[in-house]
Amino acid sequence: MKAAVIVFPGSNCDRDVAVSLEAVTGAKPLMAWHRDTELPRLDLIVVPGGFSYGDYLRSGAMAAHSPIMQEVKRRAEAGVHVLGICNGFQILTEAGLLPGVLMRNRGLKFCCKDVHLTVSRNDTAFASKYRKGQVIRIPIAHADGNFFASPDMLSRIEDEGQVAFRYCDEEGNLTDSANPNGSLNNIAGVYNMQGNVLGLMPHPERLAEAELGGTDGRPMFDSLLEALK
Amino acid sequence: MSQITPDVIKQHGLSESEYKLVLEIMGREPNLTELGIFSVMWSEHCSYKSSKKWLKTLPTKAPWVICGPGENAGVIDIGDGLACIFKMESHNHPSFIEPYQGAATGVGGILRDVFTMGARPVANMNALRFGSPDHAKTRHLVSGVVSGIGGYGNCVGVPTVGGECDFHAAYNGNILVNAMTVGLAPADRIFYSAAAGVGNPVVYVGSKTGRDGIHGATMASAEFNEDSEEKRPTVQVGDPFTEKLLIEACMELMATDVIVAIQDMGAAGLTSSSFEMASKGGLGIEMDLDKVPMREVGMSAYEIMLSESQERMLMVLKPGKEDIAKAIFDKWELDFAIVGVLTDTKHMVLKRHGEVVADLPIDPLALASPEYDRPWVEPKLAAPIDAKSVKAVAPLEALKKLLNTPDLCSKRWIYSQYDHMVMGDTVGRPGGDAGVVRVHGANKALAITTDCTPRYCQANPYEGGKQAVAEAWRNLTAVGARPLAVTDNLNFGNPEKPEIMGQIVKAIQGMGEACVALDFPVVSGNVSLYNETNGQAILPTPAIGAVGVIDQLDQRVGIAFEQAGEAVLVIGATAGHLGASIYAREIGGTEAGSAPVVDLAVERKNGDFVRALITSGRVTACHDVSGGGLLVSVAEMAMAGGLGVMLANEPTTLAEHAYWFGEDQARYVLAATTAEAAAILIEAAQAGIPAAMIGTTGGDALRLDAASIPLAELVDAHESWLPNFMSGPESN
């Protein structure tokens, strides 16, 4: 699996996800600069967390119009797998690669903690190593993770099975108190229609080794490795 | 007519005798720009003029100390060719006036102190003191400070891994915001600030200079009054995005070989950075202020030199290497300007619009700043109280109440607003005794803590100073770390009052004694004086930040009980000291009583014993006993692990409430298998260390003899105070 991590000015989880990728592939991913306009042949593009261009405008809004994102869009349309984590998810929605928007958390505060998620599907390149319905523990760290879509769009997302993960309690119940940010239908991550683009607010790279207190993030990288070799 | 009237001199915070010294040094009357430069260079904040005499008495050396106080931050050797660089600094006054920006720029400033020296910042901490929860401003200040710290630290992508926060009416008019940054660098690639090489270019990088923060250092060196809010324009505005770019650009530049010296522009901005670099190098600088990147038009030399705009650095480059450096700063879209040249004149010569606007001798300003031996009196020590005079309440009832108080409640509401996991190396999260971050790519870790118990310092500044150091050392020990060194942040009232000066002197003496006894040198620090409003001083608060090393990642423990059926031990003697305790204050309604005495030999002996148990893998959990006493520590371990505990009252002559809530020092609670526990008790007895088994883990309640309380009820009490308080109405 040949992977690239996009680096914007203000990205700050680029190294973290590179570490997780290297742990499964044994090779350092390509770190692609925001000004680049072309990428080499590759299987996976990761848009990492952080505060791209400071996010002083709406989170991800400026990055969506950066030179590299035009290339990421072309590649995504050509079927290359794209993973957006946290700010990466925000950027992918702003770029139109994923449906919905991420608004300010309903508590209006930045929130960093472990949350529980249910795995909605495991028939994708990102989630084959999870069981469908499995409850996993992954950290979040964001101020703008409140997933919103118009009623039409939301029912399409649900009908097409585009939901990747939902916030839940330890037992897997989709309760309101387990929803850390007010996301509609407890949505924590979504796929595009084709299933080759995934965006999620939680950080799988932060609990991908035992020393950090958990390994529930690791199967995502293992899944990608298996699917993309 | 002269611009320099007595009024102008007074506005610049210079005393008559200080101005006389200015005239002597200059040999003429200074102009306004020159006077402004004297004013900030000689402010308490920059010159340490009241505390210098006493700071010099602190121990600063050890075989592992690479660089002690005097540089931007302290540097210690942590083995494997790595250095740890760290410092703590206050941003108290700005945070009171404008809490979000004040706290945010406090974080930005301390980060720069650390990466200026070549270290990548790997962790932030903060020590916060707010006024009484009942005070009208407190909620607004907590809210602003916490979001400011988060807003800055989260964006730059450095995890905030812990800290402390307490409340007392003495901080109603002067909150304390002390921020600490810890970084890592190759031990042979440390960057210093001494300029060298006549003719070398002096380069300005980072953000543009604006009119913000002019006279911040002078403001930080005066008492507050009702008009202080009018000083809001002197608070700087932070831009964490630019700071992130500055970190990356500096790291990239530092990997090349073009820097001679580098210094961040902190308090007193371009003035103190240029003077410090020149003074340390024994050189002069000629600067053309027209070249300084400016955010606003029409800025005067005075404004340019005194601006405290954030995210700026000054450096001296090797000749002919300017293009290499410029290319890096261009890539990160930061300003880069050659603003001057090193000279051999030992003078600072400043030009604006082609004319010399200031010409100052460097050393007399930078080195001959006044040093005062301010008069001081022995502090009046609080008298001891008898534990029996403090109201006795059934222990579990008292426990539940204590866990729901401002100082002992869970601080989750605060640390969940800080990204404490970014960088992917946080192995010990907030809520334990110390934050623990793995050394990236290695099997070792740094343990980091901040500590101080101001109520002890108030009762007895000397014992309080000792205790702050000892508790920091204990916190590091409790996670299995070897404590290595200290940074201090001395927050006090007005040093011109002999009783305040007495607090400063005695606290420093206590700290120094503890640092010597525990081999725990002070490698960096900061002093914040004049923390008074309308003559009312804060509690003496010598905050200690400390760093230790965990040599093997698996040789560490947390506070959480992990396994049912394990023995719970207490190490150290319990004598039931209720003076100046949280129990006495919250349950007994009295702040009276003497501070607990710290026996440093016992502290060391108990700590070394506990650390050896942890590093040999014989205990499964450890927590030091501090504010709230033994029962609070045990409850915190049970809550952290979601596992109950059955305790039995020790056969003791002590009153029950004194036994469970006394704040005697040098104690730890451990959990271990029953077989291990039996062996540990024997070894402790042989070593002459008091140790006792007080209970067994298991169940979902905290039981004490026949009484019991569900863990869920304790968790609710512990977790609810701060969110409930913060959801109340905000008044400004």
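## Exercises on the contact between chain B and chain A

In this predicted model, 13 residue pairs are in polar contact across the interface of chain B and chain A, both residues of each pair being at pLDDT 80 or more.

**Exercise 1.** Describe which elements and which kinds of residue chain B brings to the side that touches chain A.

*Solution.* Step 1: α8 (138–156), α10 (240–254) and β14 (426–428) of chain B are the elements that give two or more residues to this side. Step 2: α10(B) supplies the largest share, 4 residues. Step 3: sorted by kind, the residues of this side are 13 nonpolar, 8 polar and 9 charged.

**Exercise 2.** Determine the extent of the contact and examine one salt bridge in it.

*Solution.* Step 1: chain B contributes 30 residues and chain A contributes 28 residues. Step 2: about 2300 Å² is buried between the two chains, and carbon and sulfur atoms give 57% of this area. Step 3: on the side of chain B, the most area is lost by B:Phe241, B:Met421 and B:Arg429, together 21% of what that side buries. Step 4: the count of salt bridges between the chains is 5. Step 5: B:Asp419 pairs with A:Arg206, and their closest N and O atoms are 2.9 Å apart; because the cut-off is 4 Å, this pair is a salt bridge.

**Exercise 3.** Classify the packing of α3(B) against α11(B).

*Solution.* Step 1: helix α3 (residues 32–41) and helix α11 (residues 269–281) of chain B pack at about 75 degrees, their axes 10 Å apart. Step 2: angles of 65 to 115 degrees count as roughly perpendicular, and therefore α3(B) and α11(B) are roughly perpendicular to each other. Step 3: B:Ile37, B:Val40 and B:Met41 of α3(B) meet B:Thr271, B:Ser272 and B:Phe275 of α11(B). Step 4: the residues of this contact comprise 4 nonpolar, 2 polar and no charged.

Technical notes: Residues numbered from 1 in each chain as written. Chains lettered and ligands numbered in written order. Predicted model: local features only at pLDDT ≥ 70, side-chain atom pairs only at ≥ 80, totals over all residues. Heavy atoms only, no water. Contact = heavy atoms within 4.5 Å. Buried area = accessible area lost by both parts, 1.4 Å probe. Salt bridge = Lys/Arg side-chain N within 4 Å of Asp/Glu carboxyl O. Polar contact = N/O pair within 3.5 Å; in protein donor to acceptor, adjacent residues only side chain to side chain. Nonpolar A, V, L, I, M, F, W, Y, C, P; charged D, E, K, R; others polar. Axes fitted to C-alpha atoms, helices over the stretch in contact; angles between N-to-C directions. Parallel < 35°, antiparallel > 145°, perpendicular 65-115°, else oblique.
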